[in-house]
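Reader: Please take a close look at one part of this model, a single side chain and the sheet around it. Plain terms will do.

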Amino acid sequence: GASLLYFGGPFGAGFAYQKAEKGATVQDTTSWQLAASYTLGGGVKLFGQYGNVENDNTRVDYDILGLGLTAPVAGGVARVQWGQIDPSTGAKRKTLSLGYGYNLSKRTELYGSYMNDKISGTSAGNNYSVGVRHRF
């Protein structure tokens, strides 16, 4: 595998490629991903990614797309992320995540999040989380 990263001012970008040959009982895969972010005035950050994972043995591949942003809100950071996995065979999956984090100190954050996850042909699932994160 290999990856390239670039960061300059408010712009960041990356590209990653990987070829995994796993052996007789597990399928081989080839994957790549391109991602970029841009920080606007006021600390709002936009980001996106697009990639592909292909099972080299079955020739089933997955296109992966994600778009999101973070923004300072009420002393913390609000987070929004939308993503989609679109397989060449099978059901599409779409996910929307909303979150908020509030720093109690330099290393401790209170957070909460909500995620709506939908696979084509099924009902949506909803997940919630709250917690405390401490960085050592």
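Author: Leu-46 sits in strand β4 (a DSSP run of E, at least two residues, numbered from the N terminus). The model is predicted, with local features taken at pLDDT of at least 70 and side-chain atom pairs at 80 or more, while totals for chains, interfaces and linings use all residues. Residues are numbered from 1 along each chain, and side-chain values use heavy atoms, without hydrogens or water.

With a relative accessible area of 37%, Leu-46 is partly exposed (buried is under 20%, exposed over 50%; 1.4 Å probe, protein chains only). Leu-46 belongs to a nonpolar surface patch that also holds Tyr-6, Phe-11, Tyr-38, Leu-40, Leu-69, Val-80, Leu-96 and Leu-98, with about 730 Å² of accessible area together (members have over 30% relative accessible area and no salt bridge, nonpolar side chains being joined within 5 Å; a salt bridge puts a Lys or Arg side-chain nitrogen within 4 Å of an Asp or Glu carboxyl oxygen).

The nine strands form an open, antiparallel sheet in the order β1-β2-β3-β4-β5-β6-β7-β8-β9. β1 (2–8) and β9 (125–134) are the edges; each has a single partner, so one side of each lacks a neighbour in the sheet. Pairing takes at least two DSSP bridges; β6 and β7 (93–103) share nine, in the antiparallel sense. Leu-96 of β7, opposite Trp-82, is one of the patch residues.

Arg-59 is no glycine, yet has a positive phi of about 65°; at 56% relative accessibility it counts as exposed. Ala-74 lies in the loop between β5 and β6 (76–87). Ala-74 also has a positive phi, near 50°, and at 69% relative accessibility is exposed. Most residues other than glycine have a negative phi.

How values were computed
Helix = DSSP H or I, 4+ residues; strand = E, 2+ residues; numbered from the N terminus. Patch = residues over 30% accessible without salt bridge, like charges linked within 9 Å, V, L, I, M, F, W, Y side chains within 5 Å. Areas by Shrake-Rupley, 256 points an atom, 1.4 Å probe, with all protein chains shown as cover.
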